[in-house]
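Me: Can you walk me through this one? I'd like the ligand site and the strands beside it.

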Amino acid sequence: MRKNIVAGNWKMNTTLQDGQALISEIVNMVQDEVTGSNVEVVVCPPFPFLTTIGKHLPSGGLIHLGAQNCHQKDSGAYTGEVSARMLQSVGVEYVILGHSERRQYFREDDELLSQKLKAALAAGLQPIFCVGESLETREADETFDYISKQLKDGLFHLSNEEFDQVVVAYEPIWAIGTGKTATSAQAQEVHAFIREQIARAYDAEAALNTTILYGGSANAQNARELFSQPDVDGGLIGGASLKSRDFTDIIKSF
Ligand code: 3PY
């Protein structure tokens, strides 16, 4: 059966010191308040802090380490880049790929993302693969076609075994960093559609077992309503993951 996941995407925020203070608070609150729950918690700090933040995580797998991106090659002359194998070697288990900010600001397209997915899987990482439409696309009533294309071109080239390792995140671009959240009905509608596409591309079992997260201004106030939807299996959390109280409350929202 699929897992519920709450993943915090810290984006390009915090210093090492702020990050250490934040993770210490999160660990304490999660240990005190969330033990026994059926949620896997993931924190995705910036690259330079991964090793240090990883050392703060309790043993026993209550909180897992994720990265926000990786390069598609294993190693080589790619100044400034970080490979999936490097991430795996410092204890990273998850990697966010295809976030709309990477697609928009760094021109990452489905071809490149396909290569990154392969590299992440080869290194033993679990990709959190993001899809989502712009406001323009939604208003033109093209959301489903757009998402179906992102899934086909970016993700569905994977084998069944590879796809088993993937978490999908639906992040409507119009809800990222805008304070606008999709209603739970809007989120459920797209999540159910994504699950249906997975069933078509793979099979019913793969669809049933895939964790699909909602992202885009999810917070402590709206998480319970979003997570109560049958096809919403948790959240990829931006701003609210930088506040220990809010992040813990979101984790407690199942
Ligand atoms: C947001 O909620 O702003 C996100 O982009 C999460 O990844």
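Reply: Here is a quick tour of the ligand site, then the strands. The model is predicted: local features need pLDDT of at least 70, side-chain atom pairs count only at pLDDT 80 or more, and totals for chains, interfaces and linings use all residues. Residues are numbered from 1 along each chain as its sequence is written, and side-chain values use heavy atoms, with hydrogens and water left out.

Me: Which residues are around the ligand?

Reply: Asn-9, Lys-11, His-99, Glu-171, Ile-176, Gly-177, Gly-216, Ser-217, Leu-236, Ile-237 and Gly-238.

Me: How much of the ligand is buried by the protein?

Reply: The protein buries 96% of the 240 Å² that the ligand exposes alone. Areas are Shrake-Rupley with a 1.4 Å probe.

Me: Switching to strands. What does β7 pair with?

Reply: Strand β6 (residues 167-170) runs parallel to β7, joined by 3 bridges. β7 also pairs with β8 (residues 234-237), parallel, over 2 bridges. Pairing takes at least two DSSP bridges. Strands are DSSP E runs of at least two residues, numbered from the N terminus.

Me: Which residues face each other?

Reply: Ala-169 partners Leu-213 of β7, and Tyr-214 stands opposite Gly-235 in β8.

Conventions
Helix = DSSP H or I, 4+ residues; strand = E, 2+ residues; numbered from the N terminus. Near = heavy atom within 4 Å.
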